[in-house]
Amino acid sequence: MRTPNYRGPKGPGGMPMGKRKFSMRSFKRVLKMMFSYYPVLFPLALACIIFAAFVATAPAIFNQQILAAIEEWYVSRDWQSAKQEIIPKIIILASLYVVSLAAVFTQTQLMAYITQGFLGKMRKTLFNGMQNLPIKYFDTNKHGDIMSHFTNDIDTLRQLISQSIPSILQAGIVVITVFFIMLSYSVWITLVVLVGVFFLFLVTKKVGGGSAKYFMRQQKAIGKTEGFIQEMMNGQKVVKVFCHEDKTQKQFDEINDALCEDSKRAHAYANILGPINMNIGNILYVVIATVGGVLLLLKVPNLSLLQLFGVEMPLAISIVIPFLNMTKQFTGNVNQLSQQINSIVMGLAGAERVFEVMDALPETDDGYVTLVNAKKDENGNIVETNERTGMWAWKHPHGDGTITYTELRGDVRMVNVDFGYEEGKEVLHDVSVYAEPGQKVAFVGATGAGKTTITNLINRFYDIADGKIRYDGININKIKKSDLRRSLGIVLQETNLFTGTVMENIRYGRLDATDEECIKAAQLSGADDFITRLPQGYQTELTNNGSNLSQGQRQLIAIARAAVADPPVMILDEATSSIDTRTEAIVQKGMDSLMKGRTVFVIAHRLSTVKNSDVIMVLDKGRIIERGSHNDLIEQKGQYYSLYTGAFELE
């Protein structure tokens with residue numbers, strides 16, 4: 001059955017990554033995740049922020065009452081009565097400030113704990129999600145850009161959570177509260193304040209919109225820059241060998257200049273917003289003082305929200321002076337909200353990139369056949385066991401509730417397989433391969449002929465477009481991918497060693513392997529000889545992909561890693577291509593022992609390594625054009641004969 005090829009990660013609704021529009025959905029999602037991660041601590045931190053915000057508006061109320069009491073004392077000269085009004089209010093205000101200080105301290109400590117914990121969980125979720133992405137995602141995205149998600153993009157969330165969210169919440173509460181207090185004092189002066197805020201809004205919208213655009217571009221440019229740097233670090237030897245330092249510098253300058261340009265524009269908008277809004281606030285302060293003075297001189301009847309509740313609030317000095325402070329407080333917090341737009345945009349730009357990866361479609365796995373330890377009972381039937389017996393079986397549940405067990409033998413068959421990495425561009429055409437248990441099957445052909453592609457389909461790094469692949473008679477689409485890959489040992493042309501000891505790198509093939517088993521695998525591959533001559537032997541630390549070893553030595557460890565896994569099927573993709581002729585002879589002997597009794601797929605340019613194969617298949621442009629043993633193909637005097645005799649060379 002033809003299945004659609006994977007066409008890259010997508011976001012919600014199937015929209016391809018990179019085409020999702022920026023929206024406040026990401027902000028809501030961040031908040032939702034924080035509530036789910038910290039259902040008690042986060043609400044407690046928010047409560048502290050809200051309390052501190054309300055306390056920040058207390059002077060607007062108490063100052064008016066204290067000034068009114070002082071004004072009344074000035075008229076009546078009754079200091080005793082004024083003292084009874086003023087002193088309790090001062091004590092209450094001071095007490096509120098003390099409690100607010102404790103709330104702010106608690107909030108900052110909680111937010112520091114929540115922020116770092118949230119980022120740690122985000123990195124963990126992101127990494128776990130990336131583990132489930134298909135191989136094509138990593139083939140089509142630069143590794144440096146992927147790393148940028150864990151560093152720059154996650155770090156932008158830190159500022160969003162630790163600074164922007166508390167500032168927005170606190171400033172928003174202050175703005176709303178002060179607005180209603182101003183309305184309760186004087187509607188006329190409040191209207192003047194709203195006119196000034198309207199201008200603040202227009203400036204913020206205009207400047208903030210430009211800032212958002214370039215902050216989004218800045219985050220993408222950072223990922224591109226890191227991708228280029230990572231690529232150049234990996235290829236530094238190639239750069240120097242071909243003397244491309246100047247060209248590489250020019251390429252970096254272009255990418256870096258683009259990043260600088262986006263960053264300059266983003267921060268230019270961001271930096272100009274604050275001073276403009278601050279000066280609008282200063283102008284508004286002067287206007288309020290002027291309007292308040294004029295209203296007092298003209299004795300204009302006051303209109304306030306309190307009049308709806310029957311409370312008269314005549315316009316007086318005790319109202320105008322607090323109004324000036326409230327205006328500063330109001331516009332200052334509006335300005336703070338506008339300033340946080342930059343941090344919000346930057347944080348959400350990073351969140352958007354992180355969520356794009358988290359929302360990318362994971363590698364699909366509809367398999368239900370699993371691999372289990374097995375043994376034969378007294379009747380010769382295969383049964384499941386918890387012990388490691390050296391025998392494996394496919395556990396195949398059926399629709400009627402029955403379970404059958406099929407011994408893992410390594411019988412792999414591809415029947416009329418078509419495949420293309422991109423839809424409409426097939427690289428394999430009607431390929432059929434039959435590998436019986438214990439057979440060694442070799443693939444020979446020019447670069448791009450489809451040799452590696454065949455092995456990628458066997459372990460389901462990619463799914464076929466048409467045809468069938470059966471493993472011990474079972475369609476591999478029915479086998480769980482993790483169990484399928486556990487039954488395969490793969491040695492790639494490019495070795496990947498991890499930071500750790502030589503022993504740990506060999507044990508990577510099977511994590512429960514003992515030291516003795518790892519050493520035996522190394523001896524089998526021929527790696528034991530050089531490992532024992534290392535400074536600390538098997539406990540020698542490897543770093544930077546084993547840079548302290550030669551390419552051949554790294555390859556030998558990779559072969560030992562596959563050997564310790566002890567799989568029934570081995571895939572050797574140019575496994576000896578990086579080994580010199582003398583070392584190859586040593587390895588080949590060990591490989592022959594390793595391959596004994598296993599089904600082996602070999603990809604090699606050196607025909608000397610495939611001469612003893614049971615079947616050799618010659619590929620050309622995605623088609624098998626010849627197949628047979630070495631002697632059969634020599635007798636046919638076709639392309640393999642030409643390759644072997646040197647009349648034709650592989651590209």
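Visitor: Welcome me in with helices H2 and H6: is their crossing left-handed or right-handed?
Guide: A crossing is called left-handed if the near helix is turned anticlockwise from the far one by less than a right angle, and right-handed if clockwise. Helices (H or I, at least four residues) and strands (E, at least two) are DSSP runs, numbered from the N terminus. By that rule, the crossing of H2 and H6 is right-handed.

Visitor: What should I know about the model before going on?
Guide: Residues are numbered from 1 along each chain as its sequence is written. Side-chain values use heavy atoms, leaving out hydrogens and water, while local features need pLDDT of at least 70, side-chain atom pairs count only at pLDDT 80 or more, and totals for chains, interfaces and linings use all residues, since this is a predicted model.

Visitor: At what angle do H2 and H6 pack, and how far apart are their axes?
Guide: Two packed helices are described by the angle between their axes and the distance between the axes. Axes here are lines fitted to C-alpha atoms, for helices over the stretch in contact, with angles from 0 to 180 degrees between N-to-C directions. For H2 (residues 41-56) and H6 (residues 143-185), the values are about 35° and 9 Å.

Visitor: Which residues have the most contacts inside the largest nonpolar core?
Guide: A nonpolar core is a set of buried Ala, Val, Leu, Ile, Met, Phe, Trp, Tyr and Cys residues joined through side-chain atoms within 4.5 Å. The largest one has 36 residues. Apart from it lies another core, of 32 residues, including Phe42 and Leu46. In the largest core, the residues with the most contacts are Val433, Phe443, Leu457, Tyr471 and Phe601.

Visitor: Leu457 belongs to helix H11; how many residues of H11 are buried?
Guide: H11 covers residues 451-458 and is mostly covered. Ile454 and Ile458 are among the buried residues, as is Lys451.

Visitor: Asp472 and Lys637 both take a positive phi; which of them is buried and which is exposed?
Guide: Asp472, with phi near 55°, is in the loop between strands E8 (466-471) and E9 (474-475). Lys637, with phi of about 55°, lies in the loop between helices H18 (630-636) and H19 (639-645). Because their relative accessible areas are 11% for Asp472 and 58% for Lys637, the buried residue is Asp472 and the exposed one is Lys637.

Visitor: How many disulfides are there?
Guide: A disulfide is taken as a pair of cysteine sulfur atoms within 2.5 Å. Under this rule, the number of disulfides is zero.

How values were computed. Buried means under 20% relative accessible area, exposed over 50%, partly exposed in between (1.4 Å probe, protein chains only).
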